[in-house]
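Subject: Structure handover

Hello,

Here is the structure I promised to pass on. Please open it next to this email and follow along.

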Amino acid sequence: QVQLVESGGGLVQAGGSLRLSCAASGLTFSNYLMGWFRQAPGKERESLAVISGSGIPTVYLDSVKDRFTFSRDDAKSTVYLQMNSLKPEDTADYYCAAGRAYRANGRLAADYWGQGTQVTVSS
């Protein structure tokens with residue numbers, strides 16, 4: 001079975017950093033586009049970025065472009081989200097996803113989802 005397991009979330013003060021990891025199993029990792037998403041309470045899910053098979057990220061959310069770094073390590077079947085200069089508005093559940101195609105809007109058409117890891121940024 002395909003599993004995506006996020007880790008690294010937690011409570012951090014504004015201005016701090018966290019690195020999230022998403023470990024994938026049960027799929028040929030290098031064949032998949034990997035995406036990061038987040039959803040804050042009462043808000044719609046946001047697509048943060050997609051990392052291509054070549055490791056090139058496409059970051060969709062302007063508010064994180066200068067603070068978040070997206071990467072993948074195919075040898076470890078893991079995708080990472082390095083979050084710096086965290087702000088309270090970054091508080092959300094963060095999800096990784098795997099897919100094989102893009103939607104018409106350019107976002108990842110996810111086939112598999114992780115269960116999420118919570119990030120809380122205090123001020």
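Below is what was found, grouped by region. One point before the details: this is a predicted model.

**The disulfide**

Start with the cysteines. The structure has 1 disulfide. Cys22 and Cys96 form it, with 1.8 Å between their sulfur atoms. The link is right-handed, with 55° about the S-S bond. Cys22 sits in strand β3 (residues 18-25) and Cys96 in strand β9 (residues 92-102), so the bond ties together parts that are 74 residues apart in sequence. Are the two ends buried or exposed? Cys22 has 0% relative accessibility, so it counts as buried. Cys96 also counts as buried, at 0% relative accessibility.

**Strand β9 and its partners**

Stay with β9. Which strands does it pair with? Take β4 to begin with: 7 bridges join it to β9, and the two run antiparallel. In this pairing, Phe37 stands opposite Tyr95 of β9.

Next is strand β11 (residues 117-122). It pairs with β9 over 3 bridges, in the antiparallel sense. Here Asp93 has Gln118 in β11 as its bridge partner.

Then comes β10. It pairs with β9 over 5 bridges, again antiparallel. Tyr102 has Leu108 in β10 as its bridge partner. β9 and β10 also form a hairpin, with 5 residues between them. Look at Gly106 in that turn: its phi is positive, about 90°.

**Aromatic rings and charges**

Now the rings. The structure holds 3 aromatic pairs. One of them is Phe37 with Trp113. Their ring centres are 4.6 Å apart and their planes stand at 55°, so this pair is tilted. The cut-off matters here: only planes over 60 degrees apart count as edge-to-face. The pair also links distant parts of the chain. Phe37 is in strand β4 (residues 33-39), Trp113 is in strand β10 (residues 108-113), and 76 residues separate them.

Phe37 is buried, with a relative accessible area of 5%. Trp113 is partly exposed, with a relative accessible area of 33%.

Arg45 lies over the face of Phe37, at 5.8 Å from the ring centre. There is another such case at Tyr32. Arg100 lies over the face of that ring, 5.1 Å from its centre.

**Strand β8**

Move to β8, which spans 78-83. How many of its residues are buried? The count is 5 of the 6, so the strand is largely enclosed by the rest of the structure.

β8 has β3 as a partner: 6 bridges join them, and they run antiparallel. Ala23 has Thr78 in β8 as its bridge partner. Strand β7 (residues 68-73) pairs with β8 too, over 6 bridges in the antiparallel sense. Phe70 stands opposite Leu81 in β8. β7 and β8 form a hairpin, with 4 residues between them. Ser77 is in the turn, and its phi is positive, about 50°.

**Asp90**

This residue deserves a stop. Where is Asp90? It lies in the loop between β8 and β9. Asp90 is buried, with a relative accessible area of 0%. A polar atom of the Asp90 side chain lies 2.8 Å from the backbone nitrogen of Lys87.

**Pro57**

Last stop. Pro57 is in strand β6 (residues 57-59). Pro57 is partly exposed, with a relative accessible area of 35%. Which residues does Pro57 touch, not counting those up to four places away in sequence? They are Val50, Ile51 and Phe70. Phe70 is the residue that stands opposite Leu81 in β8. For a distance across the fold, take Met34. Pro57 and Met34 are 23 residues apart in sequence, and their C-alpha atoms are 9.2 Å apart in space.

Over to you.

Best wishes

Conventions. Residues are numbered from 1 along each chain as its sequence is written. This is a predicted model: local features need pLDDT of at least 70, side-chain atom pairs count only at pLDDT 80 or more; totals for chains, interfaces and linings use all residues. Side-chain values use heavy atoms; hydrogens and water are left out. A disulfide is a pair of cysteine sulfur atoms within 2.5 Å. Buried means under 20% relative accessible area, exposed over 50%, partly exposed in between (1.4 Å probe, protein chains only). Rings of Phe, Tyr and Trp (its six-membered ring) pair if their centres lie within 6.5 Å; planes under 30 degrees apart count as stacked, over 60 as edge-to-face and the rest as tilted. A charge sits over a ring if NZ of Lys or CZ of Arg is within 6 Å of the ring centre and within 35 degrees of the ring normal. A polar contact is a pair of N or O atoms within 3.5 Å; within protein, one must be able to donate a hydrogen and the other to accept it, and residues adjacent in sequence count only if both atoms are side-chain atoms. Two strands pair if DSSP finds at least two bridges between them. Contact means heavy atoms within 4.5 Å.
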